[in-house]
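Please look over the sequence and the model first.

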Amino acid sequence: MAEEVDKAVPNGIPPPQLDLPYPDSPETITDNLLKLTELTPNPRHRFLAKTLITHLHDFVKETSLTTDEWMTSIQFLTRVGQICTPVRQEFILLSDTLGVSALVDAINNPPVNGATESSVLGPFFTDDAPDVANGESIASEGKGDYMYVEGQVLSTDGTPVPDAVIETWETDAKGFYDNQYKNRDHPECRGRLRSDKDGKFAYRAVVPVAYPIPGDGPVGEMLLQLNRHNMRPNHLHLMISAPGYNTLVTAFYPEGDEYLSSDAVFGVKKSLVVGLEEVKDDSEARKRGFAEGGSFKLLKRDLVLVPEADSRKAREAFAQERAKNAPVAA
């Protein structure tokens with residue numbers, strides 16, 4: 001609703017000094033908008049806007065988008081925004097399911113020899129994870145089958161990285177993240193720990209399970225229309241940061257899951273598929289802090305970070321290679 005003011009206030013930008021024809025044809029509409037966009041001061045913003053406008057207008061022309069389809073699209077995006085909350089990000093879910101998140105990840109995090117590959121952040125990360133000491137648990141008792149995670153944070157040259165911050169989160173055995181529960185009153189199945197002086201880390205968790213991404217919103221409806229399943233293979237999220245290194249957002253995917261190759265958000269990379277060792281030894285379980293003893297799954301995997309300078313070089317080389325192989329306009 002407009003506030004009570006004397007009159008509507010313009011943004012202060014004067015009419016452009018351009019000789020623009022009336023926008024009375026599809027081609028003129030696009031041409032006029034591109035000419036106006038040339039006035040954008042920031043070069044990167046100008047490039048992004050012109051490229052988006054060109055592809056968006058080409059899509060409308062190529063598909064002969066109808067008025068009803070346009071309105072349906074507007075209503076869909078409106079609903080995506082309306083369902084978002086501080087703990088639910090439907091726009092990230094939309095980006096994920098359309099492969100945009102994975103594409104941005106792949107372009108900005110090209111593989112570096114020896115480094116742990118990245119994966120998508122997903123819509124369920126929160127910044128309120130509790131601090132957990134090495135060897136402690138990120139999950140309350142009864143949240144799932146026991147799993148112990150251990151490894152070492154290293155640089156690509158093999159040097160241990162001490163005091164690296166490791167954020168980790170996962171679903172419980174029911175296939176829900178804690179922020180999907182309406183009565184959430186504290187973080188669960190998530191934690192924040194630091195590698196020790198030798199770069200080593202360890203924590204107790206639960207065995208992740210495959211789960212459906214939320215199907216009660218517009219993104220879920222879209223997947224039904226496209227005849228696509230909404231399942232993610234079981235996985236454990238991690239985000240690792242340390243001064244001088246590129247922040248790594250990744251996940252580990254236990255082998256054998258039927259959804260590995262058709263992940264609804266395209267997050268699985270072959271190098272991130274891991275084996276879980278089953279340990280059936282009460283004493284080993286208790287030694288790792290599992291009070292009830294019994295068997296547990298062991299996930300052993302190092303996390304290898306890329307120095308920031310090497311990461312920049314890899315991105316630049318990747319961009320140059322893509323530009324070299326890009327098709328030349330006729």
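How many nonpolar, polar and charged residues does the lining of the largest pocket have? By class, there are 15 nonpolar, four polar and three charged residues in that lining. The model is a predicted one. Its chain has 330 residues, of which 38% are buried, and its secondary structure comes to eight helices and twelve strands. Along the principal axes, the C-alpha atoms fill a box of roughly 80 × 45 × 45 Å.

**Largest pocket**

- The space in the largest pocket is about 740 Å³.
- Its lining counts 22 residues, and T72, S73, I74, F76 and L77 are the ones nearest the centre.
- Two or more lining residues come from each of α2 (43–63), α3 (67–83), α4 (90–97) and α6 (218–225).
- Helix α3 makes the largest contribution to this lining, with nine residues.
- Domain 1 (26–65) and domain 2 (100–312) both supply lining residues, so the largest pocket lies between the two domains.

**Annotated N-terminal domain**

- UniProt, in an unreviewed entry, lists residues 42–115 as "domain: Catechol dioxygenase N-terminal".
- Over residues 42–115, the chain is 74% helix and 0% strand.

**Second largest pocket**

- The second largest pocket holds about 360 Å³ of space.
- Of the 17 residues that line the second largest pocket, R88, N179, Q180, Y181 and D216 lie nearest its centre.
- By class, the lining of the second largest pocket consists of eight nonpolar, five polar and four charged residues.

**Cavities**

- Rolling a probe the size of a water molecule over the atoms shows where empty space is left.
- Three cavities of 30 Å³ or more are present in the structure.
- The largest cavity has about 180 Å³ of space.
- Its lining is made up of 19 residues, with N109, T116, N246, L248 and V306 nearest the centre.
- Strands β8 and β12 and helix α8 (308–325) are the elements that each give two or more residues to the lining of the largest cavity.
- Among the contributors, α8 gives the most to the lining of the largest cavity, with three residues.
- The lining of the largest cavity divides into ten nonpolar, seven polar and two charged residues.

**Largest nonpolar core**

- In soluble globular proteins, nonpolar side chains tend to be buried together.
- The largest nonpolar core here contains 28 residues.
- V149, V153, F201, Y203, L238 and I240 have the most contacts inside this core.
- At least two core residues come from each of the strands β1 (146–155), β4 (200–206), β7 (236–241), β8 (248–254) and β12 (303–305).
- Strand β8 supplies the most to this core, with four residues.

**Annotated binding site**

- The "binding site" annotation in UniProt, from an unreviewed entry, covers Y177, Y211, H235 and H237.
- Of the annotated residues, Y211 is found in strand β5 (residues 211–212).
- Y211 has a relative accessible area of 3%, which is under the 20% limit, so Y211 counts as buried.

- D163 is not a glycine, yet D163 has a positive phi of about 60°.
- The place of D163 in the chain is the loop between β1 and β2 (165–169).
- Is D163 buried, partly exposed or exposed? D163 has 44% relative accessibility, which falls between the limits of 20% and 50%, so D163 counts as partly exposed.
- C189, a residue other than glycine, also has a positive phi, near 60°.
- C189 belongs to the loop between β2 and β3 (190–194).
- With 3% relative accessibility, C189 counts as buried.

Definitions and conventions. Residues are numbered from 1 along each chain as its sequence is written. This is a predicted model: local features need pLDDT of at least 70, side-chain atom pairs count only at pLDDT 80 or more; totals for chains, interfaces and linings use all residues. Side-chain values use heavy atoms; hydrogens and water are left out. UniProt positions are given in the numbering used here, feature names are shortened, and annotations may be inferred rather than shown by experiment. On a 1 Å grid over the protein atoms alone, a cavity is a set of points where a 1.4 Å probe fits but cannot get out, and a pocket is an open set with protein on both sides within 12 Å along at least five of seven lines; lining residues have an atom within 4 Å of a point. Grid points are joined across faces, edges and corners, and a volume is the space filled by probe spheres set on the points. Ala, Val, Leu, Ile, Met, Phe, Trp, Tyr, Cys and Pro count as nonpolar, Asp, Glu, Lys and Arg as charged, and the others, Gly among them, as polar. Domain bounds come from an automatic or database domain assignment. A nonpolar core is a set of buried Ala, Val, Leu, Ile, Met, Phe, Trp, Tyr and Cys residues joined through side-chain atoms within 4.5 Å. Buried means under 20% relative accessible area, exposed over 50%, partly exposed in between (1.4 Å probe, protein chains only).
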